Amino acid sequence: MCARLLPEPTKPLVIINGLGAPRAASQAYGVFFRARGYRVYVVPQKFLNFGDIRASARRTDDVVSRALARTGAERTPLIGISLGGLIG
């Protein structure tokens with residue numbers, strides 16, 4: 001049996017984890033949204049987001065810029081989990 005290759009989704013979506021949230025939280029959301037046709041990007045955490053919120057905002061900006069460039073989209077939804085909503 002041959003696996004059918006699906007085209008890469010072109011709708012980006014960026015997930016921002018909350019303060020102290022483990023990476024598994026964003027991965028679970030990622031599975032949910034990938035199944036609905038989104039190309040999911042997750043903002044990398046430093047120290048579980050304990051630290052300078054401005055640095056988290058810069059990482060978020062970097063991921064959003066990369067998501068838009070790779071997909072050709074003009075906008076992307078941001079999914080902020082707890083403090084991730086404030087950062088986004």
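**Aromatic cluster and sheet**

F33 counts as buried, because its relative accessibility of 15% falls under the 20% cut-off. This is a predicted model. F33 belongs to one aromatic cluster with F32 and Y38.

**Ring pairs**
- The rings of F33 and Y38 are edge-to-face, because their planes stand at 85° and the cut-off is over 60 degrees. Their centres are 6.0 Å apart.
- Y38 is partly exposed, at 23% relative accessibility.
- A search of the whole structure gives two aromatic pairs.
- F32 and F33 also make an edge-to-face pair, with ring centres 5.0 Å apart and planes at 90°.
- F32 is partly exposed, and its relative accessible area is 41%.

**Charges over rings**
- K11 places its charged end over the ring of Y38, 4.4 Å from the ring centre.

**Sheet**
- The sheet is open and has three strands, ordered β2-β1-β3, with parallel pairing.
- Its edge strands are β2 (38–42) and β3 (78–80), each pairing on one side only.
- Neighbouring strands are turned by 25° against each other on average, direction ignored.
- Five bridges link β1 (residues 11–16) to β2 in the parallel sense.
- P12 has R39 in β2 as its bridge partner.

**Helices on the sheet**
- Helix α1 (residues 23–34) lies across β1, β2 and β3 and runs at about 165° to β2.
- Helix α2 (residues 53–71) touches β1, β2 and β3 as it packs on the sheet, and its direction makes about 155° with that of β2.

Methods:
Residues numbered from 1 in each chain as written. Predicted model: local features only at pLDDT ≥ 70, side-chain atom pairs only at ≥ 80, totals over all residues. Heavy atoms only, no water. Pairing = 2+ DSSP bridges. Helix = DSSP H or I, 4+ residues; strand = E, 2+ residues; numbered from the N terminus. Axes fitted to C-alpha atoms, helices over the stretch in contact; angles between N-to-C directions. Contact = heavy atoms within 4.5 Å. Phe/Tyr/Trp six-rings, centres within 6.5 Å; stacked < 30°, edge-to-face > 60°. Buried < 20%, exposed > 50% of the residue type's maximum accessible area, 1.4 Å probe, protein only. Lys NZ or Arg CZ within 6 Å of the ring centre and 35° of its normal.
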